[in-house]
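Subject: Structure for you to look at

Hello,

Here is the structure I said I would pass on. Please open it alongside these notes.

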Amino acid sequence: MIEFREVQKYYGDYHALRGISAEIRAGEFFSLLGPSGCGKTTLLRTIAGFEDISSGAVLIDGKDMSNVPANKRPTNMVFQSYAIFPHLTVAENVGFGLRRDPRSSAEKARAVEEALELVGLKGYGPRAAHAMSGGQRQRVALARALILKPKVLLLDEPMSALDKKIREQMQVELIKLQRELGITFVLVTHDQEEALVMSDRIAVMFDGEIAQLADPETLYRHPNSRRVANFIGVMNFLPARVTAESDSHVALEVPGLGPLEVTPDQVAAQTSGGEATVGFRPETLTLLYEGQTASDREAPGVIDEVVYYGDMTYYDIRLDGVSAPVRISMRNVFGRPVLDVGSRIRVAWSPGALVLFR
Ligand SMILES: Nc1ncnc2c1ncn2[C@@H]1O[C@H](COP(=O)(O)OP(=O)(O)O)[C@@H](O)[C@H]1O
Ligand SMILES: [Mg+2]
């Protein structure tokens, strides 16, 4: 649906997009994820036609967009700030883009009502926009974009101003809406959780480049670099020494975990040339309780810190022989006690859950 070919963008001598090449498929929920300033909005605006590119090409539906102005592109954008007109009614806001539409006013009113229904605001048309809550305004903005029936909906951090609960509710509704409409959504977000929850695929961006483009599970389980691993969720790192290597496995010595082997699919694709480290997610280790034995490997340690979240407890563990703490997350199953700082414990871990960075 959308293709970036070696897209470069300079603001003066600031290099904002550094050779972006990627494809966004028709009907997918695609996210651009990265820290503030990495170029997400700039890249999104090149799709909409709000931003000229310095070189390369942006194609939509196979057509080069170089000479196609924003209002002739099959895209529509929902902004971070909503850009709702407060002095107009909800219906007037939603129908704003139909000003020059030749349809009769009755037909337009019906289109407005349909769009409002899509976003869960049926019957809200006559209300004053300024009287709507933040979440409702976001829906109005969404309806205003959808009424123009774009093939591609571009969303620039549309939920960042909403409270956590309303944001989570909006996320679920947006996923449903996208499935229902079947149009391509491109979402910009700096919130890794939001990207994981919503997307079919995610492009992780740093410094004007795509660091990794994959589906959420691949990004989480097989990050191609330490930087991506650190940006998506929490990952523990321990220094490792490569002791032997063949086509089928890499043998390692990891202080705290001992000797172990990983398979080539556990080796991160990008090499940095630095020291080797193994990474593992907090939920891939388990605390062993009194009397429990591990089905995998075990390592002894002591609890350094306990953070209780109600449904989960995070433990920072000092494995014997390792100075940096390792974070482990445990679900608080009924009847299982929360352990105290200073307790000596054993943790179970599986070599298959490790990622090797080198
Ligand atoms: N119109 C502009 N003029 C100069 N620099 C800009 C302009 N727009 C964005 N930038 C710079 O380009 C970089 C990327 O910006 P942006 O795409 O807005 O990042 P993001 O959306 O990922 O936070 C930032 O360093 C920003 O300061
Ligand atoms: Mg931005």
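This is a predicted model: local features need pLDDT of at least 70, side-chain atom pairs count only at pLDDT 80 or more; totals for chains, interfaces and linings use all residues.

Residues are numbered from 1 along each chain as its sequence is written, chains are lettered from A and ligands numbered from 1 in the order in which they are written, and side-chain values use heavy atoms, leaving out hydrogens and water.

The sheet is open and has six strands in the order β6-β7-β8-β3-β9-β10, with mixed pairing. Strands are DSSP runs of E of at least two residues and helices runs of H or I of at least four, numbered from the N terminus; two strands pair if DSSP finds at least two bridges between them. β6 (75–78) and β10 are at the edges with a single partner strand each, so one side of each has no neighbour in the sheet. Inside the sheet, β7 (residues 152–156) and β8 (residues 184–189) run parallel and are joined by five bridges. V152 is opposite T184 in β8.

Q212 belongs to strand β10 (residues 209–214). Q212 is buried, at 9% relative accessible area (buried means under 20%, with a 1.4 Å probe and protein chains only). The side chain of Q212 reaches the backbone nitrogen of N224 at 2.8 Å, and one of its polar atoms lies 3.1 Å from the backbone oxygen of H222.

Regards

How values were computed
Buried means under 20% relative accessible area, exposed over 50%, partly exposed in between (1.4 Å probe, protein chains only). A polar contact is a pair of N or O atoms within 3.5 Å; within protein, one must be able to donate a hydrogen and the other to accept it, and residues adjacent in sequence count only if both atoms are side-chain atoms.
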